[in-house]
Amino acid sequence: MRTYHCLPLFIWTYMFHTIDTNPLPENANNYLQSKRIVDLTKDESKMLRRTKRGWMWNQFFLLEEYTGTDTQYVGKLHTDQDKGDGNLKYILTGDGAGSLFIIDENTGDIHAAKKLDREEKSLYILRAKAIDRKTGRQVEPESEFIIKIHDINDNEPKFTKELYTASVPEMSGVGTSVIQVTATDADDSNYGNSAKVVYSILQGQPYFSVDPESGIIRTALPDMSRENREQYQVVIQAKDMGGQMGGLSGTATVNITLTDVNNNPPRFPQSTYQFTSPESVPLGTHIGRIKANDPDMGENAEMEYSIAEGDGADMFEVITDKDTQEGVITVKQNLDFENKMLYSLRVDAINTHPDKRFSHLGPFKDTAMVKVSVEDIDEPPVFSKFSYLIEVDEDVKEGSIIGQVTAYDPDAMNNLIKYTVDRHTDMDRVFSIHSENGSIFTLKPLDRESYPWHNITITATEINNPKQSSHIPVFIRILDINDHAPEFATYYETFVCENAKPGQLIQTVSVMDKDDPPRGHKFFFESVPEFPLNPNFTIVDNKDNTAGVLTRKDGYSRNKMSTYLLPILIFDNDYPIQSSTGTLTIRVCACDSQGNMQSCNAEALILSAGLSTGALIAILLCVIILLILVVLFAALKRQKKKEPLIISKDDVRDNIVTYNDEGGGEEDTQAFDIGTLRNPEAREDSKLRRDVMPETIFQIRRTVPLWENIDVQDFIHRRLKENDSDPSAPPYDSLATYAYEGNDSIAESLSSLESLTADCNQDYDYLSDWGPRFKKLADMYGGDDSDRD
């Protein structure tokens, strides 16, 4: 407030001094120049006249921020045409005319109606006129005036930011630049010292300093450590008037952070670490962690751990955890309590990004001792191998020992062990093992062709602690023994052409053998000893496990022999030699001139005629349909009423009066069986006739066989006599006996069917010429008193 009270006095003093020292305005200069010109013209020539000065004024400057009660006087416009009688009128136009600047139109006095701010507008351009009130014309030409606002120190310096953030590496030297701050002053820099800013530090000493002119903040103390203090708050002041008393000032805050550098080596918090681990831990197990402290940050705190030396360097390794910067101790090899119980390691921790500027501070690493104690654990039995391979011949006898497995207890107790076979891997119980010594033996015969490999699992268990057990795979390979004979590789359909020539190859045969000899198969082919020389075919061994069949004669006939059987003896060369006989069926077929088969049998002939399988099926279906129609027709015919065999008024039974039924023919096996006449022993007893249905079924009694050394004729006579003497036998049996004509009969058919359909009576006199065998018929049909009459 004191500054503002003294300020008006200072401004007015300074203003009047400026008016006296500054040159006159432009119009004043013009007036002086005009006066000189008039004087020169008077001396040199009379042609020029003196020009009168028109406008007059006495002030061109105005102070800003006027705080008086009255309006601030700016200046006065006046012309020499003004006689003071009030005939002239002054008019002001331009920037702020009428609002900021008011003119007395009678006197020409100009006043500032408001407080002005130079920072808003530093000068105003106005135009003035002098007008005669009566005539309304301008007595002076319009002129332009400039009113300049004089600056006062009414603006304090302002920083571009209220809060600055900066950083500088720790351990930096004195004078290291941190950041530059800038403050600006709105006052006129060309008028006095109102805008001259000077910087100073209010807070942050003695750590930092600031350049008073540039505003650059620098470090002021050497070797500032981030680990001791990381954040600093510095307050900077900017003061105008060159920093003198009475000047205005502004402040800004600068937060400065010390960034980290690798100036600290890692350090273990303790010199010795103790860890314990069971001996049964698997490889790669983490047994402990160690960590060296490094007060640095980021990559400056990164470190690597390594084992420098110690008796456990081969058993353990240390891995660096990049996330936690810890050293992880892991198991590298299997531990054994019985072998060693305590291990010592020397572990180093070293920075991975050292800074050479701080190498003088010492080596950036540290060392600690790590001791690992091994704990004893009851371990399962250990086999002498990771797996076993046993080879055994397939002809080994049951109960034979084929191999042995061994296991031991690694603990100091050395418990006894028993062996068993995992039956899930030997479901058929082919093998077993001796529980004490681990000897494996067979329980069943082996067959390589069925199972060439057996994969079983053997379990070793501690007797005192059954929970401790181990398993081992045992691979048993069955070795081949020559116990299978060779045989044809496939079924061969062999044929030979009827027009074949001697020496033609008609078939090449190959064989197979289930055995697998180590030197490979070798087969031999020969003719069987029973038929050493075959007149039709020759067997040739091709020496490549195949044999060829060649013809031996010129031409073959299907009529004489349609099929040949050729036995071939096959044997191998392994020990013991196995052999077999394979029979080759050779059919005789008709072939064309090129040797292509055309037909071998009736089926082949049908096929060769060009009939397809579909055509054959269609023909077969037609035949079946025709047979069904015939059967249906016969069944319908049988449904008709049967006529009696004897049509006569007297119904004489002891003679054949009418014969109009030939019986069922060859298909009627019950009415008449011609085979019975030729082979009486093949007859069937107790069979009833089917050609006539008798009213009463009689039981035919059995008779003593009479077949020995008799012919058919004697047999018929005896049967006739036997039936005639039998009162229970029907008279119809005698009808069947006349159907037998014998081998040397010269008679034609005895059927009476044609006689029934003839238009006239037949002549049966010729029956008398047929001999005694037909005397009965001649008497019946040849006489006048025949039954036909």
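Student: What should I know about the model before we start?
Tutor: This is a predicted model, in which local features need pLDDT of at least 70 and side-chain atom pairs count only at pLDDT 80 or more, while totals for chains, interfaces and linings use all residues. Residues are numbered from 1 along each chain as its sequence is written, and side-chain values use heavy atoms, with hydrogens and water left out.

Student: How many helices and strands are there in the protein chain?
Tutor: The protein chain has 9 helices and 43 strands. Both are DSSP runs numbered from the N terminus, with helices being H or I of at least four residues and strands being E of at least two.

Student: What share of the residues is buried?
Tutor: Of the 789 residues in the protein chain, 35% count as buried. Buried means under 20% relative accessible area, exposed means over 50%, and partly exposed lies in between (1.4 Å probe, protein chains only).

Student: How many salt bridges does a search of the whole structure find?
Tutor: The search finds 21 salt bridges, each being a side-chain nitrogen of Lys or Arg within 4 Å of a carboxyl oxygen of Asp or Glu.

Student: Which residue does R226 pair with?
Tutor: R226 forms a salt bridge with D260, and their closest N and O atoms are 3.0 Å apart. The pair links distant parts of the chain, 34 residues apart: R226 is in the loop between β16 (216-219) and β17 (231-239), and D260 is in the loop between β18 (249-259) and β19 (272-278).

Student: Are those two buried or exposed?
Tutor: R226 and D260 are both buried.

Student: Where do R346 and E309 sit?
Tutor: R346 forms a salt bridge with E309, the closest N and O atoms being 3.2 Å apart. R346 is in strand β24 (residues 342-351) and E309 in strand β21 (residues 303-309), so that distant parts of the chain, 37 residues apart, are linked. R346 counts as partly exposed at 26% relative accessibility, and E309 likewise counts as partly exposed at 47%.

Student: Changing topic: which residues form a nonpolar patch on the surface?
Tutor: The patch is formed by I617, L620, L621, I624, I625, L626, I628, L629 and L632, which together have about 870 Å² of accessible area. Accessible areas come from the Shrake-Rupley method with a 1.4 Å probe, and for residues only the protein chains shown count as cover. Patches are made of residues with over 30% relative accessible area and no salt bridge; like charges are joined within 9 Å, and nonpolar side chains (Val, Leu, Ile, Met, Phe, Trp, Tyr) within 5 Å.

Student: Where does I628 lie?
Tutor: I628 lies in helix α4 (residues 613-638), and this residue is partly exposed, with a relative accessible area of 46%.

Student: Last one: what is A252 in contact with?
Tutor: A252 lies in strand β18 and is buried, with a relative accessible area of 2%. Leaving aside neighbours within four places in sequence, A252 is in contact (heavy atoms within 4.5 Å) with F159, K161, E162, Y164, V234, V235 and I236.
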